[in-house]
Amino acid sequence: MALDRDSKSKKPFGYSSEENRLQWESWQSLMALTQSGDLQAYRRLLEEIGPLLLGYVRKRVYDPDQVMDAYQDLLLTLHKALPTYDPKRPLGPWLFTVARNSLLVSLGRKRRILEREVQVEKLQDRAQAPAAEESEGLGDELYRALRGLPKMNRQAVELLKIQGLSLEEASRRLGISVPALKVRAHRGYEYLRKSLGEVRKK
Amino acid sequence: MKDAARRANLMKAHQRLVEELVQTPPARLRRGLDPRVQWILWFGLMVLALAGLVLFLGPRPGLWLDIQKPGFGIFFALVLVGGALSAWGAILSGIPGRSMAAWQKAILGFALAGLVLSPFVFFPAVAPDVDGSRLDDDWCFPLVLAVGFLPWVGLGSILARNASFRPALTGVFSGTSAFLMASGALYLCCPCWTRGHILMAHLLPVALASFATAFLGSYWFSRWMKKS
């Protein structure tokens, strides 16, 4: 399957209107088959609408690094919302409502996570600024706080912030999805922020 | 070069995700209840339950004669229309790509506005034949909240299976519907049909509960997005 936007074979807007209509009808029947439990039809559907959805995401998300996350979130949301689709109705309005809202949720979440990540980085910067002995003390505290994290959160933070892996690489290494990894890492940052905040107060 | 690597990563990640998604048990992909079935199910059960409640509490003395008077009858009809259309709005707000038709929105708006205005037009400020010392009147406010809560939970458990992208709106619609219907049922039992009482003890709790269900709904009806 080609997720490439330039791929002509799966580009729905490259067809004439009649072909376009037939394409949408075929997806509608694939949706109906999926709802009746045909997983092969589901696989085909995901393969075929992938380029359309990716194109939709690319048009609206300018940061190439965020495209994959937003696209994955979109497929997951579509998967969860699938039981609400009525095969007797046109697929387009349902699909694009899911896509638009998923994108809004996904970008909003990303923005909140980034804001929190900046706060942790600021804390670390502030920790480096004071005198050497204080800095060493905080380094120990950071190490201790990291050790105090539950295993799954610690792994996520270590892979992303210490080893510097990308989200995709880290999620592959842990065998979990990118959104699940983000949640684990986010909880880890929250805990660290709280622990380091207490150290600074002391 | 970087683009090519990014594209290759995208394709790999897409394939992995598709593989994960097609492992889902087919039952989880099955179509949910049709919106009309959801509405009939909830509204039917609700009407039966509230009719039972009216019989249990005992209808207001002389109800049959009073309800035939235009103002009192219109008020009750507005309650039913408002409750029914709010439930429909709540259900449709959880189905992507669906929303209420313009005429349905107009009727709902008209019904809700009519409910607030009709006590000023049809209900007397003081009813001479009502014994103001009756304790029953004081119970209307908390009873509307208490009686409306269970139907709201019932409606909510249907709505939570949908996929609402505007959970607060779903919450407001569902709260308005459930508490309005509860208020309507208690209206049939209430001995005090005066302007102030209807506004403060029957409609105010509906407004407050709808406000509260917007908050509760924004949590409850967005949980489907967080499911693994």
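This is a predicted model: local features need pLDDT of at least 70, side-chain atom pairs count only at pLDDT 80 or more; totals for chains, interfaces and linings use all residues.
Reader: Before anything else, what counts as a salt bridge here?
Author: A side-chain nitrogen of Lys or Arg within 4 Å of a carboxyl oxygen of Asp or Glu.

Reader: Is B:Asp66 buried or exposed?
Author: B:Asp66 is buried, because its relative accessibility is 11% and the cut-off for buried is under 20%.

Reader: And B:Lys69, what does that count as?
Author: B:Lys69 is partly exposed, at 43% relative accessibility.

Reader: How many salt bridges over all chains?
Author: The rule gives 11.

Reader: How many of them between chain A and chain B?
Author: Two salt bridges are counted between chain A and chain B.

Reader: Which residue does A:Asp86 pair with?
Author: A:Asp86 forms a salt bridge with B:Arg31. Their closest N and O atoms are 3.6 Å apart.

Reader: Where do those two sit?
Author: Both are in loops, and the pair crosses between chains. A:Asp86 lies between helix H3 (64-81) and helix H4 (91-128) of chain A. B:Arg31 lies between helix H1 (2-21) and helix H2 (35-57) of chain B.

Reader: Is A:Asp86 buried or exposed?
Author: Buried, with a relative accessible area of 8%. B:Arg31 is partly exposed, at 26%.

Reader: What else does B:Arg31 meet in a salt bridge?
Author: B:Asp34 is one of its partners, at 3.3 Å from N to O. B:Asp34 counts as buried, at 13% relative accessibility.

Reader: What area is buried between chain A and chain B?
Author: About 3500 Å². Carbon and sulfur atoms give 64% of that area.

Reader: How many residue pairs are in polar contact there?
Author: Six across the interface, counting pairs with both residues at pLDDT 80 or more.

Reader: Switching to confidence. What is the mean pLDDT of chain A?
Author: The mean is 77, and 74% of the residues in chain A reach 70 or more.

Reader: Where is confidence lowest in chain A, and where highest?
Author: It is lowest in helix H5 (residues 132-148), at a mean of 63. It is highest in helix H2 (residues 39-60), at 89.

Reader: Where does pLDDT stay under 50 in chain A?
Author: Residues 1-15 are one such stretch, and the model has 27 contacts beyond four places in sequence for them. Residues 130-136 also stay under 50, with five such contacts.

Reader: Last one. Where is A:Ala32 found?
Author: A:Ala32 is in helix H1 (residues 17-35) of chain A. A:Ala32 is partly exposed, at 29% relative accessibility. A:Ala156 is 124 residues away along the chain, and the two C-alpha atoms are separated by 38 Å.

Technical notes: Residues are numbered from 1 along each chain as its sequence is written. Chains are lettered from A and ligands numbered from 1 in the order in which they are written. Side-chain values use heavy atoms; hydrogens and water are left out. Helices (H or I, at least four residues) and strands (E, at least two) are DSSP runs, numbered from the N terminus. Buried means under 20% relative accessible area, exposed over 50%, partly exposed in between (1.4 Å probe, protein chains only). pLDDT is the predictor's confidence in each residue, from 0 to 100. Contact means heavy atoms within 4.5 Å. Buried area is the accessible area (1.4 Å probe) that two parts lose on being put together, summed over both. A polar contact is a pair of N or O atoms within 3.5 Å; within protein, one must be able to donate a hydrogen and the other to accept it, and residues adjacent in sequence count only if both atoms are side-chain atoms.
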